[in-house]
Amino acid sequence: MITTMSHSSTLVLLLLLSLHSITFSEALKGGFSVEIIHRDSSKSPFYSSTETQFQRVANAVRRSINRANHFNKNTPKTNLTQNDGEYLLSYSIGTPPFHVYGIADTGSDMIWLQCKPCKTCYNQTTPMFDPSKSSTYTTLPYSSKTCKSVQDTSAGGDNCEYTISYGDGSLSQGDLSVETLTLDSTNGSSIQFPRTVIGCGRNNTVSFEGKGSGVVGLGRGPVSFISQLGSSIGGKFSYCLAPMTNASSRLNFGDAAVVSGKGTVSTPILSLGPVFYYLTLEAFSVGNKRIGFGRSESESESDGEGNIIIDSGTTLTLLPENVYSKLESAVADAIELDRVKDPTKQLSLCYESSFGDLNAPVIMAHFRGADVKLNAVNTFVEVEEGVVCLAFMSSKLGAIFGNLAQINLLVGYDLEKKIVSFKPKDCTNQ
C-alpha cells in the first residue's frame, strides 16, 4: 500500500513537472503577461494608509520634477531613484525563489537589487536577498563578454563589478552576476528565466527606503530585461496602465504584447542613446490650435527627431518652456472656468472644478505618423478636493511623455521594427 502510494505520488509529481514545462515553453512561444502595481495602490508595498489621495498626487508631481534631472544629457546614462518609480513588478530571484519588488522602469537598462552582505545599503524593510543561499547564483568574471558590454564595470579581483551613477551623485555598486529570475504570469503559471544577468548591489547610496529591493530595467542596453529576453519575445513588450486606482495594470511580452487592430497608430523609435526610448513629437493640437514642438534642447538631432522620451517612471508630461506655455494658453482658452492657484504650488494651470464639470478639451499629441488622443484622464489631475490641474509641466532639462498621458492606452514596443504603437483601451478591464 505504501509502495503504491509512493509510485502514484511520483507519477503525479512527474505529470505536474511536465505540465509546468509545457506551460513555460508555451509562454515563451505565445507570449505572457504579468501584473504591475502602481506604487500608490493599496496592493503596493509603498502604500501608506495615512496619506490622502491628494498627498499621493503631490508626491507624484515632486517625483516627476526629480525625474527630469535624471534625464538631463549631462548626467550619467542609467537613471532612477526610488522616489521616481511609479510601477512595481513582483518577482522572485534565486533557487529556491526569493520574493522581491522591483521598479519596472523603461528609463533604466539593468536589473539590480540589494544583496547580502551589504557594506552600505539603504533602509530596506523587507528581507534582503542572500546569494549564498541560492544554488543558481554565479558571479561573472571580469574577462567575460557580458562584463565588457556593460558600461561602467571594473575588476573586483577576478569578478566583474558594476557601478550605476545617478544624477544626484548617489550610486549602486556590486557584483555583475547571473541568477534565475521567476515571474508569476497572469494565467497562474510561474515562468523561470535561468542565467539572467543581474546586479547584486552591495554598496548602495541611493535615496531608496521601504520594501522595494531595486530596479527591473525595461530600457535599452545589453543587460536590460528586454534585451536579455531578446529573440524569445521577438523584441516585443507592451503595457496597459490603469488609472491610479486599485485596478491592476499589465506588462506583456512576446506575442501577448502585439498591438494591432482598429485605432492602432505607430511611430518610430529613434536610436539616440543606449538606454531611453526617444520618439519624435511634431506638435500638440487643442481644437484647431496647433502647437509645433520642433527640436529638443536636450537632444540635438536635426529636424527635431527624437525630441521626447517615453517613460513609464514619470507621472507628468514634461515639455520645453516655449512649448508648454503655448499649450497651456490654448487649453486655458478652451475652458470657460475661473483659474485658481495650485494649493501644492507646483502646477501652473488649475481650476476649481470636478472632473465631470471641467469639460476639458481633447489634446492630440501628433507623433511622427501617429496621432494620439489624450482625454481628461491623461491631461488633468485632481490635486485637492474640487481642484484640478493640467498634468503637464515646463522643464529646461528635456521632454518626457509621462505615464498619466499613457493611461488607458495599450502601448507596445517592437524593437525589431523599431516602433512604438498606441491603441485606445480601457485598462481597468484586462
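This is a predicted model: local features need pLDDT of at least 70, side-chain atom pairs count only at pLDDT 80 or more; totals for chains, interfaces and linings use all residues.

Mentor: Accessible areas come from the Shrake-Rupley method with a 1.4 Å probe; for residues, only the protein chains shown count as cover. By that method, the protein exposes about 18,300 Å², and carbon and sulfur atoms supply 50% of it.
Trainee: What's the mean pLDDT of the protein?
Mentor: It is 81, and 76% of the residues reach 70 or more. pLDDT is the predictor's confidence in each residue, from 0 to 100.
Trainee: Where is pLDDT below 50?
Mentor: Residues 71-85 are one such stretch; beyond near neighbours in sequence, it has 57 contacts in the model. A contact means heavy atoms within 4.5 Å. Over residues 296-302, pLDDT also stays under 50, and the model has eleven contacts there beyond four places in sequence.
Trainee: How many helices and strands are there?
Mentor: Seven helices and 30 strands. Both are DSSP runs, numbered from the N terminus: helices are H or I with at least four residues, strands are E with at least two.
Trainee: What share of the residues is buried?
Mentor: Of the 430 residues, 52% are buried. Buried means under 20% relative accessible area, exposed over 50%, partly exposed in between (1.4 Å probe, protein chains only).
Trainee: Why is strand β14 largely enclosed?
Mentor: Four of its five residues (249-253) are buried, so the rest of the structure largely encloses it.
Trainee: Which strand pairs with β14?
Mentor: Strand β13, residues 236-240, in the antiparallel sense over four bridges. Two strands pair if DSSP finds at least two bridges between them. Ser238 has Asn252 of β14 as its bridge partner.
Trainee: New topic. How many aromatic pairs are there?
Mentor: The count is 14. Rings of Phe, Tyr and Trp (its six-membered ring) pair if their centres lie within 6.5 Å; planes under 30 degrees apart count as stacked, over 60 as edge-to-face and the rest as tilted. Phe32 and Phe253 form a stacked pair, 4.8 Å centre to centre, with 25° between the planes. Phe32 is in strand β1 (residues 32-38) and Phe253 is in β14, so to speak distant parts of the chain, 221 residues apart.
Trainee: Are those two buried or exposed?
Mentor: Both Phe32 and Phe253 are buried. Ring pairs also link them with Phe193 and Phe225 into a cluster.

Note on methods. Residues are numbered from 1 along each chain as its sequence is written. Side-chain values use heavy atoms; hydrogens and water are left out.
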